[in-house]
Amino acid sequence: MSSAFLAACRRQPVDHTPVWFMRQAGRSLPEYLKVREGVPMLQACATPELVVEITMQPVRRYGVDAAIFFSDIVVPLKAIGVDLDIKPGVGPVVADPIRDARGLEVLRDLEPDDVGYVTESIRALVGELGGTPLIGFAGAPFTLASYLIEGGPSKNHDHTKAMMYGEPRLWHALMDRLTSIVARHLRIQIDAGAEAIQLFDSWVGAVAPDDYREFVMPYTRRIFEAVTDVPRIHFGVGTGELLALLGEVGADVVGVDWRVPLDEAARRVGPGKALQGNLDPAILLAPWEAVERKATDILRRGGQAEGHVFNLGHGVLPSTDPDQLKRLTELVHAFR
Ligand code: 1CP
């Protein structure tokens, strides 16, 4: 069966605009909350039956064109022995934030055996999914570095920037280690059967373009060069000023948040790339008519890109009514 999602990523013709939603698995789904009851997040990520079930839930309910692997960006770090946890309502929390060269010692390379449950889950999923492609993913080095340096979620990434500007050798050494780990983690997912990958540099919008070029881009480029055999999507929040660089760094598809209209994003990214996006996830909390108006506008503007994968501009909010996402999927599929 041919996949509209993979075709759009490759800028080939499609019979309908493909759609999936960042963070479509989990949080807003009652069937997710039910199977997660009493199971800590990282334990769920390491339990193949749960990973398969949770990954399948939005595919069954919405009929989206792609599944995203149920995991988290900190899973490979936990797997090599970084002392961290995912706290409910908070996010990843690191026990010993990395602030000096000694802190780097824990960042050894990731081996397939460290994440055997990832391989096992993906192999099982490929069978369950039939023709629907599975997207593997990882956090990009900058975003992972922010959690490791700050010790948890951060608004301004102060310690991260202090290291980047104040201790560039330490910064580059940390980014180099994270690059190897991320490239290996993506390779493991592709080898197990993931048919596309998304690299989430969620917080890189905090960095100015010149600093992105110097402190981030060489590492992200190395990752994309290591996974040329499947379509590669790159996404970050607040990246309006970085879109041209995100196009240059090596992905096939550039993810756009809701702040830049897709036709304008296509101009900024330049030729030879597909775009993914970009409905503000908060609009789904408004009545359907507002969703319909905005989504139709996005589909029209996305039509001016060389390929368009419909998505939100960031993850599904936990309070989203799943019926809105169901209707939105149908609207995207019916659009001509
Ligand atoms: O569809 C899916 O939900 C797939 C699974 C998935 C993905 C792709 C999860 C499950 N996390 C992620 C990626 C992820 N994790 C990103 C990149 C995407 C994005 O920008 O949203 C980031 C930044 C994280 C880090 C993280 N993990 C946060 C954000 C914290 C912050 O800094 O604001 C949070 C809240 C988590 C925990 C988490 N990850 C996933 C779930 C379902 C949860 C909640 C778990 C719980 O509390 O029980």
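Q: What counts as a helix or a strand here, and how many of each does the protein have?
A: Helices are DSSP runs of H or I with at least four residues, and strands are runs of E with at least two, both numbered from the N terminus. In this predicted model, the protein has 15 helices and nine strands. Its radius of gyration is 19 Å, close to the 20 Å that the globule rule gives for 336 residues, so the protein is as compact as a globular protein of that length. Of those 336 residues, 49% count as buried.

Q: How do strands of a sheet pair, and in what order do the strands of the open sheet lie?
A: Strands of a sheet pair through backbone hydrogen bonds, either parallel or antiparallel. Here the open sheet has seven strands in the order β1-β4-β5-β6-β7-β8-β9, and the pairing is parallel. At the edges stand β1 (67-68) and β9 (308-312), each with a single partner strand, so one side of each is left without a neighbour in the sheet.

Q: Which helix packs on the sheet, and which strands does it touch?
A: Helix α13 (residues 262-269) packs on the sheet, where it touches β7 (253-255) and β8 (274-279), and its direction makes about 145° with that of β8.

Q: How many bridges join β5 to β6?
A: Strand β5 (residues 196-200) runs parallel to strand β6 (residues 232-235), and four bridges join them. F200 has F235 in β6 as its bridge partner.

Q: Which residues come nearest to the ligand, and how does the shell around it divide?
A: Of the 21 residues around the ligand, A25, G26, G91, P153 and S202 come nearest. The residues of this shell divide into 11 nonpolar, seven polar and three charged.

Notes:
Residues are numbered from 1 along each chain as its sequence is written. This is a predicted model: local features need pLDDT of at least 70, side-chain atom pairs count only at pLDDT 80 or more; totals for chains, interfaces and linings use all residues. Two strands pair if DSSP finds at least two bridges between them. Two residues are in contact if their C-beta atoms, placed from the backbone, lie within 7 Å. Axes are lines fitted to C-alpha atoms, for helices over the stretch in contact, and angles run from 0 to 180 degrees between N-to-C directions. A residue is near a molecule or strand if its C-beta atom, placed from the backbone, lies within 6 Å of it. Ala, Val, Leu, Ile, Met, Phe, Trp, Tyr, Cys and Pro count as nonpolar, Asp, Glu, Lys and Arg as charged, and the others, Gly among them, as polar. The radius of gyration is taken over C-alpha atoms; the globule rule is 2.2 Å times the number of residues to the power 0.38. A residue is buried if 20 or more other C-beta atoms lie within 10 Å of its own, exposed if 12 or fewer, and partly exposed in between; C-beta atoms are placed from the backbone.
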